[in-house]
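Please read the following briefing alongside the sequence and the model.

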Amino acid sequence: KKIVTDQDSPILTYRSPLVSRYASKEMSYNFSDKKKFTTWRKLWIYLAKAEKALGLPITDAQIAEMESHAEDIDFAMAAEEERKLRHDVMAHVHTFAHCCPTAAPIIHLGATSCYVGDNTVSMTIAQINPAVMSFDSLKLLMFVVSLARVIDRLANFAEEYADLPTLGFTHFQPAQLTTVGKRACLWLQDLVMDVRNLERARDDLRFRGVKGTTGTQASFLQLFQGDHDKVEELDKMVTEMAGFKKAYLVTGQTYSRKVDIDCMSTLASLGASVHKICTDIRLLANLKEIEEPFEKEQIGSSAMPYKRNPMRAERCCSLARHLIALMDDPLQTASVQWLERTLDDSANRRISLPESFLTADIILSTLQNITEGLVVYPKVIERHIRHELPFMATENIIMAIVKAGGNRQECHEKIRVLSQEAAAVVKQEGGDNDLLARIQRDPYFAPILGQLDALLDPKTFIGRAPQQVKTFLAEEVRPLLEPYKANMDVKVELVL
């Protein structure tokens, strides 16, 4: 029986909450040592296969030996090798060679560390599902499917509440009415832009390829005795084996670190969208108009048992800020790369790249959970409208008086005085807005009293909001979701 020492105990060792508390198992595995180093071995196998096919003296037996040990990594041995060599790639070359003695002479032949390093990052970014080794398969790339599910839920919500009037807010002050569905379309608009950004980043992503130490392919040109065609073919063959259509035509020792900027900027932009959406939900929760899901036994506060804190939306905002802040890392890293490469990118990328993807994974799964259970309180929304609508309806009332033969300036002054009196009741006495009652008591407005209900109908203040919702969903949102229909029914298990 193993005795757990203090040093071994997980409660005495820092573990990133991104992995231990929030992220999905699939995304955590995607950045795991197991996934990383088995991908290294697959890349070495691809290289050996392509070199053999192009005439280098590599045998079927050597390749078969490598393939039979692609998954069984001795991590303890690799760690000991790295402790001695201070080089992670060579440590794993030695570890692979130890279990593949016949293939040992040709493992990593002609390659540099970035052959496995950068190409593995591209493969990790490109495919979330570790069983999928094709760049196009199932389109499980760059969170597009996860984001599509969020958009699908919000689109259904927007459609359901397309014509439910609600107070609009500018500067978080009551403004002209909108609808609950139209406001959701503002959220959707941002997420639709995020899908397009992610799809573009996905489609632009390339393989580093087989480029050698400073990107000149000199080592491979030497291996193939100056045959440029074979070196080009080697690059193409390995690129295709890895599941990519294209490799970067020019690199230094690494692919340009602007590739990381391109990928992470789309995630940071997504973070900004999620933060805005969840901030709106938090504000509306305070107004008691909309709430995120709240479970039967969930506790909102340890001190105040009545509270229903919007903890899911708060988590999204908290992690979205982290996602946005991580964007500074690739910008700084790309700006300070020296000539063909410098190693001060490595430690930073080991943290910033996985954390960006893990964080984006978490906020998307949490936002999906929120959008699948949003609760709307129409009666509260109606009460808030009644409280503010008399002020907003004053222009309609003036126009009605004019149509009934009254004087516009005289009516304006009457309503101005009554509005100030009603505002004083609200602000100084804490009472309700009684402007409508004051208008009904004033003989001046007798000619239009029969019209007041129609003049104060909230649906006459929402403009084309319902029509805009219908058009937006039909022309932009539903067509965008069409390629992802097969993946729409997946629900998330939210770890709270």
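Phe-169 is partly exposed because its relative accessibility is 26%, where buried means under 20% relative accessible area, exposed over 50% and partly exposed in between, with a 1.4 Å probe and protein chains only. Phe-172 likewise counts as partly exposed, at a relative accessible area of 41%. This is a predicted model, in which local features need pLDDT of at least 70 and side-chain atom pairs count only at pLDDT 80 or more, while totals for chains, interfaces and linings use all residues. Residues are numbered from 1 along each chain as its sequence is written, and side-chain values use heavy atoms, with hydrogens and water left out.

**Aromatic rings**

- Rings of Phe, Tyr and Trp (its six-membered ring) pair if their centres lie within 6.5 Å, and planes under 30 degrees apart count as stacked, over 60 as edge-to-face and the rest as tilted; by this rule the count comes to 10 aromatic pairs.
- One of them joins Phe-31 and Phe-357, a tilted pair with 5.7 Å from centre to centre and 45° between the planes.
- That pair links distant parts of the chain, 326 residues apart, with Phe-31 in the loop between α2 (25-30) and α3 (33-53) and Phe-357 in helix α15 (residues 346-371).
- Phe-31 is partly exposed, with a relative accessible area of 24%, whereas Phe-357 is buried, at 3%.
- The rings of Phe-169 and Phe-172 also form a tilted pair, because their planes stand at 40° with the centres 5.3 Å apart.
- Arg-257 lies over the face of Tyr-255, 5.0 Å from the ring centre; a charge sits over a ring if NZ of Lys or CZ of Arg is within 6 Å of the ring centre and within 35 degrees of the ring normal.

- Ser-356 is placed in helix α15 and counts as buried, at 2% relative accessibility.
- Leaving aside neighbours within four places in sequence, Ser-356 is in contact with Met-264, Leu-267, Leu-323 and Leu-326, where contact means heavy atoms within 4.5 Å.
- Tyr-161 is found in the loop between α8 (144-160) and β1 (165-170), and Tyr-161 is buried, with a relative accessible area of 16%.
- Residues up to four places away in sequence not counted, Tyr-161 touches Thr-179, Val-180, Gly-181 and Val-376.

**The chain as a whole**

- The protein chain has 21 helices and 4 strands, taken as DSSP runs (H or I of at least four residues for helices, E of at least two for strands) and numbered from the N terminus.
- The radius of gyration of the protein chain is 31 Å, well over the 23 Å that the globule rule gives for 496 residues, so the chain is more spread out than a compact globule; the radius is taken over C-alpha atoms, and the rule is 2.2 Å times the number of residues to the power 0.38.
- Of the 496 residues of the protein chain, 48% count as buried.
- Among contacts in the protein chain with a separation of 6 or more, 76% are between residues 24 or more positions apart.

**Annotated domain**

- UniProt, in an unreviewed entry, places the feature "domain: Adenylosuccinate lyase C-terminal" at residues 389-473; such annotations may be inferred rather than shown by experiment.
- The span of residues 389-473 is 66% helix and 0% strand, and its end C-alpha atoms lie 29 Å apart.
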